[in-house]
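Subject: Structure handover

Hello,

Here is the structure you asked about, with my notes below it. Please read the notes with the structure open.

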Amino acid sequence: MSLDTVKNAEQTPDAAQPWAELGLKQDEYARIREILGRRPTGAELAMYSVMWSEHCSYKSSKVHLKQFGDKKPETDAMLVGIGENAGVVDVGQGYAVTFKVESHNHPSYIEPYQGAATGIGGIVRDILAMGARPVAVMDPLRFGAADHPDTRRVLPGIVAGIGGYGNCLGLPNIGGEVVFDSCYQGNPLVNALCVGVMKHEDIHLAQASGAGNKVVLYGARTGGDGIGGVSVLASETFDDTKPAKRPAVQVGDPFQEKLLIECTLEIFREKLVKGIQDLGGAGLSCATSELASAGSGGMRIDLDTVHLRDHTLSPEEILMSESQERMCAIVEPDKIDRFLEICEKWDVIANVIGEVTDGERLEIFWHGELVVDVPPRTVAHEGPTYQRPFARPSWQDALQADAPTAERLARPTTGEGLKADLLKLASHPNQASKSWITDQYDRYVLGNTVLSHGEDSGMIRIDDETNLGVSVATDGNGRYTKLDPYTGAQLALAEAYRNVAAGGAKPLAVSDCLNFGSPEDPDVMWQFAEATRGLADACLTLGTPVTGGNVSLYNQTGEVAIHPTPVVAVLGVIDDVTRRTPMAFAEEGQLLYLLGDTEDELGGSAWSQAVHDHLGGLPPKVDLERERLLGEILIAGSRDGMVDAAHDLSDGGLGQALVESCLKGGRGARIVVPEGMDPFVFLFSESAGRAVVAVPRSEELRFNDMCTARGLPAVRIGVVDGDSLDVQGQFTVALAELKDAHTGVIEALLA
Amino acid sequence: MTTRVGVVTFPGSLDDRDARRAVRLAGAEPVALWHRDKDLHQVDAVVLPGGFSYGDYLRCGAISRFSPVMETVIEQARQGMPVLGICNGFQVLCESHLLPGALTRNDSLHFVCRDQKLRIENNGSAWTRDYTPGQEIVVPLKNGEGRFVADERVLDELEAEGRVVARYLDVNPNGSYRDIAGITNAAGNVVGLMPHPEHAVEPLTGPTTEGLGFFTSVLKQLVNA
């Protein structure tokens, strides 16, 4: 085939083009012709197709995402907001922290190891591109039923991929979630979060300005992997009738990424770049058009200078390739030599591939011929916007009416019955120990991990001298969100916020990964609209702005969509990490207090799933002012030494929280059911805005006074004691029996 | 004069900063050494840290042994300079033939990260003299290829000469022969250890502070020398 140059495109306006195969709709193709005033060349078509994909352009979601900006709370903490590679937050002492959670769902189902591995790689480069040293990762994961045969294929590969890549980069994995539900059977969710730290003056942005400045591509060579990853793979529903999509998955090389990190940080230290962008989804198409679009506009690229792994690649393929471990930097001419010298030191291949021009076009040449000549904004930022129709699903009312009342779902009425359900919950794959998974991740490397797996939040020290630290928690409950998307999204935020506060850190900002089914289904679009509205409203009330994140749609196989699953990450700051509050009951004799109000709220609960395999009713109510108050009490308790252990109450309620805190500390507890409270509701309700804390006897008066003065309900429910969990008048269960039930579950199913 | 302990950074080293922190907390001056530089900058001892030195897509440590810095480390180790190889560093020492045996894929076939109980079997080496023989300690362990193997003759020799430095207790996390977690050379100056003592030096971030003894031991060795 001869080269499709701009000149050729002008001369052959009627040539047939594969726009549909590249994932474009007919009206989108027409719009491209309108923008260019001619048909696009093959290379231009390739660029528009990936950049206008759902994954890159947010064309279905952006009308809803706007709310995160419109309802942004007033805060001094945000240094860089939505739109850059990741948001940046001021955490004091001159430090800034950047964090973001992103999805790699579709590739991880097709090719679990590489899909999950490159998910880590991609988010780490986003953080690096902001100027920060990546310091920790986390992985919120969702799988199909734990006992389904395909889960045995998907889960071990995903876990090994996350470990294989993250461990080799030397980034501690400090938390995340693992949830099993048959709704994720054909669409597992692999979300990856990275946290990075820098000084304020080190913040870098993705923009190309200054005519004459050089465009440098550095890192791995460009190969044929991942072509169409964002368009044909991540932006369509899985369907048995289409060809296998495995070639659209990228392959990762963590050692190359490690070199890229160290090399880039050294380049930052010497202040050698004007703008920088990582190459992820949509590869070079994305990096060049975004850099140019955010800068002065003009850029000229010579594709022949791109180092290739495969010399048969066409210009279209080079532009679409999603080969991993690549970055693109804008460098002033007098700094190029030093830039290349540092790359050489780290054995990183680097090449000048073009320069910033004073024009307004992105021009790309191949063998001396012009193959791309476009206004970069039309590629990067002016993609289509859809007002997708949405409507409350016809089945929503019936689902909400099916509440788990005592009449509908049998509740235990005896001590023995309560004990049996407690054990059933503790041994359900969703509540059981995840150590088989998390022990495959390095949590120690870098030597700053203060809290990690099994704790409410992951916490790291960022300054050895001052003990300044940050913590992150991620949460999301698809069952709650299915029952009521508005409330479900708010509950995800409330839980992550509470988890950060339970560790003693002050919540500052949010990143979210919104995992939903097909936007072409009005039911799904309604879930999305409701969830974003709920989350934006809640962020405004709690004063925690959304700093960035990602939307993953088309998590659907055929007609069956996943539960709507907004995963919310909250970042918090703690002035002195030595004051952090762990969740283990470690001191005999400490008093246990239940904070917050407990009501009969079991809709979407872990109990209704583990014991009755039921989903119906309404999720727990949200009271954001109460969440804020609870947070303030937990933070004050930690700072002033009034609380030695704290655990938020969520899935499985108080019963599950007691099991976890007892087992973690290796200590039992004697618990008294408060007068007038139903023991079943006391143990298994999932009312929000609650936590259990262990208070040293010497601090009881002070702690009680604080709760009373601030108006937070706090009831003493027992004491840390012995080697069993004893709910007085109901049942006693030995720690050894709890441990047996709680551990070994995942490995028995998968190993 | 403060004792200078070098920590080598290979391109894929990961626990190099942690090793330098441990050296500092033990009271010595950490010196960063670069893999391409033969010069050891007058250090008194060297730590080869954990990580994936050159990506380790071949055998772990197989390429590192040929790096410029290792030329000097091997030469000086043969002359008695204390060298501690942790995890990947242990693999490099075996590949360099400073220590016998090899480290292969964990028998579970999974990477494992856990708080590991060890028994210090020998406090005669340069890196263990601050422990008592039989002392039990807990330090983090994290590896994918940590299974120590050697033939029976070598294993018997190591045992007979008291060159097993540390052994896994309660759980053998990777299938190492005879539960071996660490060994030393005949002279006692070179020690290879699969677990990570540099991650058990601060109560805030480690399960214990029982790993610090490796780093304080070498200081005493050098002061007394």
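Setting aside residues up to four places away in sequence, B:Leu40 touches B:Gly6, B:Leu33, B:Val46, B:Thr72 and B:Gln76. Touching, or contact, is counted when the C-beta atoms of two residues, placed from the backbone, lie within 7 Å. B:Leu40 sits in the loop between strand E2 (29-34) and strand E3 (45-48) of chain B. Helices (H or I, at least four residues) and strands (E, at least two) are DSSP runs, numbered from the N terminus. B:Leu40 is buried, as 20 other C-beta atoms lie within 10 Å; the cut-offs are 20 or more for buried, 12 or fewer for exposed, and partly exposed in between, with C-beta atoms placed from the backbone. Between the C-alpha atoms of B:Leu40 and B:Val218, which are 178 residues apart along the chain, the separation is 17 Å.

This is a predicted model, in which local features need pLDDT of at least 70 and side-chain atom pairs count only at pLDDT 80 or more, while totals for chains, interfaces and linings use all residues. Residues are numbered from 1 along each chain as its sequence is written, and chains are lettered from A and ligands numbered from 1 in the order in which they are written. The complex has an ipTM of 0.95 and a pTM of 0.95 from the predictor. For chain B the mean pLDDT (the predictor's confidence in each residue, from 0 to 100) is 94, with 99% of residues at 70 or more.

On the interface: 21 residues of chain B contact 23 residues of chain A. On the chain B side, helix H1 (16-25), strand E6 (112-120) and strand E7 (136-143) are the elements that give two or more residues each. That side of chain B has eight nonpolar, seven polar and six charged residues. Here Ala, Val, Leu, Ile, Met, Phe, Trp, Tyr, Cys and Pro count as nonpolar, Asp, Glu, Lys and Arg as charged, and the others, Gly among them, as polar.

In chain A, an open sheet of seven strands has mixed pairing and the order E8-E10-E7-E11-E9-E12-E13. Strands pair if DSSP finds at least two bridges between them. E8 (275-279) and E13 (369-374) of chain A are the edge strands; each has a single partner strand, so one side of each has no neighbour in the sheet. Strand E9 (residues 298-302) and strand E12 (residues 362-366) of chain A pair in the parallel sense over four bridges, and A:Arg300 has A:Glu363 in E12(A) as its bridge partner.

Helix H7(A) lies across E8 and strand E10 (326-331) of chain A, at about 180° to E8(A). The axes of H7 (residues 112-129) and H10 (residues 254-269) of chain A come within 11 Å and cross at roughly 5°. Axes are lines fitted to C-alpha atoms, for helices over the stretch in contact, and angles run from 0 to 180 degrees between N-to-C directions. H7(A) and H10(A) are therefore roughly parallel to each other (under 35 degrees; over 145 is roughly antiparallel, 65 to 115 roughly perpendicular and the rest oblique). In this contact, A:Gly121, A:Val124 and A:Leu128 of H7(A) meet A:Pro254, A:Glu257, A:Ile261 and A:Thr264 of H10(A).

Regards
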